[in-house]
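This briefing covers one protein structure, for a reader who works with models and coordinates. The sequence and structure come next, followed by notes grouped by topic.

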Amino acid sequence: MSITADPELTELGIEQARDVNRAWRGELEYHIPFPERLYTSPMRRAIKTHQVSFEGLLRPDIKTTIVENVREHNGVATNDRRRIKSEIAKDFPDYPFEEGFTEGDVTWDPDIRETFEELDARAKRVLDMVFDDDARCMFISITSHHGFADAFLRVCKHRPWYLPTGGVMPILLKAEQ
């Protein structure tokens, strides 16, 4: 068995994303606030999860931004190496990239696995970006991976929470200076 860089979303993953879409549709009937800004990992499986999860729900003026730091725990594992930017753009032309997104994957290392501290620092940079760039947005969606979600919770001083594959986790945060 060969593991490829940035693999496709599996059929199970597609079905889990459809479940998320159905959940969104059900909650929207009860006027759940819809995200004003959306972000996703640059990994193909996360972008596809996002597409299916929000299919038929996004207004044309709302675009989801691909953010490097939203990716999974990084290094050593071949499936966590991302494709080049131009390939991602070709497959997902409606998704803009964050400013400064590099063509090549400069963070993945075949010999060194990112530490939890480094992963937490990435999650903190994403949180800072959200509060700096989107201070007026109340509702934000981040489509990512289990390892990143764990780091996000640690950075927010949240208790550990098991997020199943394909799961959704609402988090309420209050920014204080």
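At what angle do helix α1 and helix α2 pack, and how far apart are their axes? Helix α1 (residues 11–28) and helix α2 (residues 44–53) pack at about 35°, with axes 7 Å apart. The model is predicted, so local features need pLDDT of at least 70 and side-chain atom pairs count only at pLDDT 80 or more, while totals for chains, interfaces and linings use all residues. Residues are numbered from 1 along each chain as its sequence is written, and side-chain values use heavy atoms, with hydrogens and water left out.

- Helices (H or I, at least four residues) and strands (E, at least two) are DSSP runs, numbered from the N terminus.
- Axes are lines fitted to C-alpha atoms, for helices over the stretch in contact, and angles run from 0 to 180 degrees between N-to-C directions.
- The crossing of α1 and α2 is right-handed (the near helix is turned clockwise from the far one by less than a right angle).
- On the α1 side, I14, A17, R18, V20, N21 and W24 make the contact, and on the α2 side T49, V52 and S53 (contact means heavy atoms within 4.5 Å).

**Nonpolar core**

- The largest nonpolar core has 12 residues, among them Y39, V67, V70, F148 and A151.
- Such a core is a set of buried Ala, Val, Leu, Ile, Met, Phe, Trp, Tyr and Cys residues joined through side-chain atoms within 4.5 Å.
- Buried means under 20% relative accessible area, exposed over 50%, and partly exposed in between (1.4 Å probe, protein chains only).
- Two or more residues of the core come from each of α4 (116–133) and α5 (146–155), and α4 gives the largest share, six residues.
- In soluble globular proteins, nonpolar side chains tend to be buried together.

- Buried in α4 are L119, D120, R122, A123, V126, L127, M129 and V130, and the buried residues of α4 pack against β1 (37–40), β3 (140–143) and α5.
- Apart from neighbours within four places in sequence, L127 is in contact with F152, V155, C156 and L173.
- In α5, the buried residues are G147, F148, A149, A151, F152 and L153, and their cover includes α4 and β3.
- After α5 comes K157, with a positive phi near 60°.

**Sheet**

- Three strands in the order β2-β1-β3 form an open sheet with parallel pairing (two strands pair if DSSP finds at least two bridges between them).
- The edge strands, β2 (64–66) and β3, each pair on one side only, and the twist averages 20° from one strand to the next.
- β1 and β3 are joined by four bridges; R37 has I140 as its bridge partner in β3, and L38 stands opposite S141.
- S141 and T143 make up the covered face of β3, whereas I140 and I142 make up the uncovered one.
- In a regular strand the side chains alternate between the two faces of the sheet.

**Positive phi in loops**

- Most residues other than glycine have a negative phi.
- H31, not a glycine, has a positive phi of about 65°; H31 is in the loop between α1 and β1 and is exposed, at 68% relative accessible area.
- V76 also has a positive phi of about 65° without being a glycine; V76 lies in the loop between β2 and α3 (85–91) and counts as partly exposed, at 40% relative accessibility.
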